[in-house]
Amino acid sequence: MLRPASFLVALSAPLAFAAAAAGCSSRATPPTERSAAPQAEAFPSAPASAAPPAPDAPTAAASASAASPSPAASAAPAASAAPTASAATEPTAPSAAPADAGPLPKVKVANIGMHIGGGPHDDYTKEPIKRSVAPHFDEFRRCFALAEDPTKGGDFGIDLRIEKDGGKAEVRKPRTALKGEAFRKCVVGVFEQIDFLKPRRGPTVVSYSLRFTP
């Protein structure tokens, strides 16, 4: 009776050990499929056609301000153009004689003297100078309206240096007993604007005198 019991004990021992080992291995190592699935869900891969991330708010605002000019910048050209427009509308400086087209003052203007520096004093030498000044007598008459007392006449003398080819003369030493700074400047301005004919004998200095008779 003892031998069959010992045989059963010896036979059941290896089977119990194998079962225990199988249970431990199944608990220690989880199935591959179960462990792989959570990793795939935790780290999903982005598809190739995914849109780029939207820029944050400060970056988008900076890009928008750089792309569209500010109102102050767009208004700058108009502001800078304003002085040019106002300069274009400014009145030009008045001419030597009054520019109005009103009636001429009732005054007679005549040449009463012409002295050529170094001579000669003949009419042939004086003729180009007379022809140059005579067309401007009406301008001298308009200047007379600027005299302090336009009822009182007087003389006006001036020295002119005319170059050998003519043109604008160098005006020197204006002199007159007639009062009125505006009148004086006006007469000098008329002489400065005259284009003189070519003198007969090269560069010429001449003392020229006008008489104003109301």
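Cys-143 and Cys-186 are both buried in this predicted model. The two residues are joined by a disulfide, with a sulfur-to-sulfur distance of 1.9 Å. A search of the whole structure finds 1 disulfide. The torsion about the S-S bond of Cys-143 and Cys-186 is about -70 degrees, and the disulfide is therefore left-handed. Cys-143 belongs to helix α6 and Cys-186 to helix α7, so the bond ties together parts that are 43 residues apart in sequence.

The largest nonpolar core comprises 29 residues, of which Phe-140, Phe-183, Phe-191, Tyr-208 and Phe-212 touch the most other members. At least two residues of this core come from each of the strands β1 (108–116), β2 (154–162) and β4, and from each of the helices α5 (123–133), α6 (137–144) and α7 (181–193). The greatest contribution is that of α7, with 6 residues. In soluble globular proteins, nonpolar side chains tend to be buried together.

The surroundings of Phe-191 were examined with residues up to four places away in sequence left out. On this basis, Phe-191 touches Val-133, Phe-140, Ile-158, Leu-160, Val-171, Phe-196, Tyr-208 and Leu-210. Two of these partners, Phe-140 and Tyr-208, are also named among the core residues that touch the most other members.

Strand β4 spans residues 204–213 and includes Thr-204. With a relative accessible area of 7%, Thr-204 falls under the 20% cut-off and is therefore classed as buried. A polar atom of the Thr-204 side chain lies 2.9 Å from the backbone oxygen of Gly-202. When neighbours within four places in sequence are set aside, Thr-204 is in contact with Ile-116, Leu-160, Arg-161, Ile-162 and Pro-199.

Asp-155 is located in strand β2. Its relative accessibility is 31%, which lies between the cut-offs of 20% and 50%, so Asp-155 counts as partly exposed. Asp-155 and Leu-210 are 55 residues apart in sequence, yet their C-alpha atoms are 5.6 Å apart in space. Apart from neighbours within four places in sequence, the residues in contact with Asp-155 are Ile-112, Arg-175, Thr-176, Ala-177, Leu-210 and Arg-211. With Arg-211 there is a polar contact between the two side chains, at 2.7 Å.

Note on methods: Residues numbered from 1 in each chain as written. Predicted model: local features only at pLDDT ≥ 70, side-chain atom pairs only at ≥ 80, totals over all residues. Heavy atoms only, no water. Helix = DSSP H or I, 4+ residues; strand = E, 2+ residues; numbered from the N terminus. Buried < 20%, exposed > 50% of the residue type's maximum accessible area, 1.4 Å probe, protein only. Polar contact = N/O pair within 3.5 Å; in protein donor to acceptor, adjacent residues only side chain to side chain. Contact = heavy atoms within 4.5 Å. Core = buried A, V, L, I, M, F, W, Y, C linked by side-chain atoms within 4.5 Å. Disulfide = S-S within 2.5 Å.
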